[in-house]
Amino acid sequence: TRFGTLNSSYVFNAVIAVVFLLLALAMFNVINLDFSRFQGALGTARLRGGRFLTAFFMGGVAALLAGSCVAPVVVSVLLIAIDLCSKDAYITGLLLPFLLGLGMGLPWPFLGAGMSFLPKPGRWMERVKYGFGIFIVGMAVYYGHLAYTIYGGQRAAGPVAVAEAEGGWDRSLPRGLETALREKKPVLIDFWASWCKNCAVMDRTTFKNERVLARISEYVAIKQQAEDMEAPATKEILDFFNVVGGLPTYVVLVPVEK
C-alpha cells in the first residue's frame, strides 16, 4: 500500500487521532498506561543478573532504533567525503566524518553534567506533564479534523470532467497525450486530488509564478485527478506512470525522435 494513500485515508488519520487522545488522557491521569508489566514477558528481568550483557543488549537496541535516524546523515556525509577525496581534497574529505562524530558525541557529556542543575522532583513535574498533555490534545484535534476533512472531501468530490483546457492545463489525459504527439511537445502531468492539501498549495503559489508558467507553456500540461488512488481505473494509470508516492506527483514525458 502506498504511504501516500494510507496518509490520505480518513480511517488512518482517525486512528492516529484516537491514539493521541488516549495518550493525552494518560497524561491527565484519566487512564493508566503501564507497560512495565510486560517486562517479564520480554525477558528483561532475566538480564538483570549480568550487568555487562544487559548494557550490551540495551546498547544494541538503542543503536538499532537510532540507526534509522542517523544513517541518512552518515551516508550523505560519507558520500560527500568520497566525492571530495576523488577531487584531491583529501584533508576536507577526511575531516567531514570526524566533525560529524565530534558533533554527535560532544553534547552528551555536557548534557549529562547539566542534569545535576535540574530542580528536584516535585509538583512542577505534574505541571510539565499537563502541559505536554495539552499539546497532545492539540495533535489529536488536528488529526481528527484532518480525518473529517478528508472524509467530507472524498464524499463530496466526484470525478471532474472538463471538456476544454482550463488555465493552461488540459483535464483530459488521452486528449493531452494526443496533442503532445501531434505537436511533438513534452508533457507535464500533474496527478492531484481534492483532498490533497499540497496540491492546493501548489496551485495557489508555484503554479501562479510567472517564471513557472512560462516554463509550463513549453509543455502540454495535463491535470489528472486521482481522487481514489486504489480505484481500478486510477490505479492502472498510476501504475503505468510508476506513481509510487503520495500526491501531488508530477511526471514529465519527453518525445524521442526515431
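## A buried lysine

Let's start with Lys-223: at 6% relative accessibility, this residue counts as buried (buried means under 20% relative accessible area, exposed over 50%, and partly exposed in between, using a 1.4 Å probe and protein chains only). Before going further, keep in mind that this is a predicted model, where local features need pLDDT of at least 70 and side-chain atom pairs count only at pLDDT 80 or more, while totals for chains, interfaces and linings use all residues. Residues are numbered from 1 along each chain as its sequence is written, and side-chain values use heavy atoms, with hydrogens and water left out.

## Who does Lys-223 pair with?

Which residue forms a salt bridge with Lys-223 at 2.6 Å? That's Asp-190, with 2.6 Å between the closest N and O atoms. A salt bridge here is a side-chain nitrogen of Lys or Arg within 4 Å of a carboxyl oxygen of Asp or Glu. The two partners sit 33 residues apart in the chain, with Asp-190 in strand β1 and Lys-223 in strand β2. Asp-190 is buried too, at 2% relative accessibility.

Lys-223 also meets the side chain of Asp-203 in a salt bridge, at 3.0 Å from N to O. Asp-203 belongs to helix α9 (residues 197-204) and Lys-223 to strand β2, so this pair ties together parts that are 20 residues apart in sequence. Asp-203 is partly exposed, with 29% relative accessibility.

How many salt bridges turn up in a search of the whole structure? The count is 5. One of them joins Glu-218 to Arg-215, whose closest N and O atoms are 3.7 Å apart. Glu-218 is partly exposed, at 45% relative accessibility.

## The sheet

Now zoom out to the strands. Three of them form an open sheet in the order β2-β1-β3, with mixed pairing. At the edges are β2 (220-225) and β3 (249-253), each of which pairs on one side only. From one strand to the next, the twist averages 20 degrees.

Strand β1 (residues 187-192) runs parallel to its partner β2, and the two pair over 6 bridges. Along this pairing, Phe-191 stands opposite Gln-224 in β2.

## A helix across the strands

Helix α8 (residues 173-183) lies across β1, β2 and β3, running at about 165 degrees to β2. Angles like this run from 0 to 180 degrees between N-to-C directions, using axes that are lines fitted to C-alpha atoms, for helices over the stretch in contact. Contact, in turn, means heavy atoms within 4.5 Å.

Is Thr-179 buried or exposed? Thr-179 is buried, with a relative accessible area of 16%. Its side chain reaches the backbone oxygen of Arg-175 at 2.9 Å.

## A threonine in a loop

Another threonine, Thr-206, is found in the loop between α9 and α10 (210-216). At 30% relative accessibility, Thr-206 is partly exposed. Leaving aside residues up to four places away in sequence, Thr-206 touches Val-201 and Val-212.

Technical notes
Pairing = 2+ DSSP bridges. Helix = DSSP H or I, 4+ residues; strand = E, 2+ residues; numbered from the N terminus. Polar contact = N/O pair within 3.5 Å; in protein donor to acceptor, adjacent residues only side chain to side chain.
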